Amino acid sequence: MSRAFVNEDNAAAQADQPVERQVSEQPNRLTAQGLAQLQAKVAQLQAEHSAESAKGEQADKQRQADLERDLRYFNQRVQSAQVVAPATSTDKVQIGSWVTFVNEHDEQQRIQLVGEDQADASAGLINWGSPLGRALLGAQVGDEVLWKRPVGDQLIEVLGIEAEA
């Protein structure tokens, strides 16, 4: 058999495989709530995978492959999780803290620093490793910090720090 045919068969088989999800290089520091959310996601994916597998020959093979990929990713995230102690201090910003700040245009914002998998900007949950998170981490009330944004740096002032609820 020609090597060309073997390579084409291998290429076709690889094309059906889902692309692995990228795992962040930053440490997987998160809140206890963030870990619980990851564990719930793993349980949900396991249930979906079991339900799909139970269909036997009728199972959607692509769906199964996608679920297996996601299970590998979220299991790895649970394994690498570094749960931080709850933010109880209001002296300085830490993972889990709620922070109120004002920008150069006197616009106030209130956010919580959380782990990467828990982040949801629309809900005010900001990844501690993001440019905003890194700018605020360790800051104290009254501190002005530089938020290095892709659209231009912005000076923000920390108005308040609340402990994790």
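Q: How many bridges join E3 to E4, and do these strands run parallel or antiparallel?
A: Five bridges join E3 to E4, and the two run antiparallel. Strands (E, at least two residues) and helices (H or I, at least four) are DSSP runs, numbered from the N terminus. Two strands count as a pair if DSSP finds at least two bridges between them.

Q: Before we go on, what sort of model is this?
A: This is a predicted model, in which local features need pLDDT of at least 70 and side-chain atom pairs count only at pLDDT 80 or more, while totals for chains, interfaces and linings use all residues. Residues are numbered from 1 along each chain as its sequence is written, and side-chain values use heavy atoms, with hydrogens and water left out.

Q: Thanks! Back to that pair: which residue in E4 is the bridge partner of Phe-101?
A: That is Gln-109. In the hairpin of E3 and E4, five residues sit between the strands, and Asp-106 takes a positive phi near 60° there.

Q: What holds strands together in general?
A: Strands of a sheet pair through backbone hydrogen bonds, either parallel or antiparallel.

Q: Which strands form the open sheet, and in what order?
A: Five strands form it, in the order E5-E4-E3-E7-E6, with mixed pairing. E5 and E6 are the edge strands, as each pairs on one side only. On average, neighbouring strands of this sheet are turned by 45° against each other, direction ignored. For that angle, axes are lines fitted to C-alpha atoms (for helices over the stretch in contact), and angles run from 0 to 180 degrees between N-to-C directions.

Q: Which way do E4 and E5 run, parallel or antiparallel?
A: They run parallel, joined by three bridges. Gln-112, for instance, has Leu-125 in E5 as its bridge partner.

Q: And E3 with E7?
A: Those run antiparallel, with five bridges. Val-102 has Glu-157 in E7 as its bridge partner.

Q: How many bridges join E6 to E7?
A: Four, and E6 and E7 run antiparallel. Leu-146 stands opposite Leu-155 in E7. The hairpin of E6 and E7 has six residues between the strands, and Gly-152 takes a positive phi near 130° in it.

Q: Let me pick Val-145. Where is it, and why does it count as buried?
A: Val-145 is in strand E6. It counts as buried because its relative accessibility is 13%. Buried means under 20% relative accessible area, exposed over 50%, and partly exposed in between (1.4 Å probe, protein chains only).

Q: What does Val-145 touch, leaving out residues up to four places away in sequence?
A: It touches Ala-135, Leu-136, Ala-139, Gln-154, Leu-155 and Ile-156. Contact here means heavy atoms within 4.5 Å. Val-145 and Leu-155 are 10 residues apart along the chain, and their C-alpha atoms are separated by 5.7 Å.

Q: New topic: how many residues does the largest nonpolar core have?
A: It has 17, and those with the most contacts inside it are Val-93, Phe-101, Ile-111, Leu-113, Leu-132, Leu-136 and Ile-156. E3, E4, H4, E6 and E7 each supply at least two residues of this core. A nonpolar core is a set of buried Ala, Val, Leu, Ile, Met, Phe, Trp, Tyr and Cys residues joined through side-chain atoms within 4.5 Å. Another core, of nine residues, lies apart from it and includes Leu-38, Leu-45, Tyr-73 and Phe-74.

Q: What is Leu-132 in contact with, beyond its neighbours within four places in sequence?
A: Phe-101, Ile-126, Trp-147 and Ile-156.

Q: Is Asn-127 buried or exposed?
A: Asn-127 counts as buried, because its relative accessibility is 15%. It lies in strand E5, and its side chain reaches the backbone nitrogen of Gly-129 at 2.9 Å.

Q: Last one: how many helices and strands are in the chain?
A: There are four helices and seven strands, in the pattern α-β-α-α-β-β-β-β-α-β-β along the sequence. Of the 165 residues in the chain, 35% are buried.

Conventions
Polar contact = N/O pair within 3.5 Å; in protein donor to acceptor, adjacent residues only side chain to side chain.
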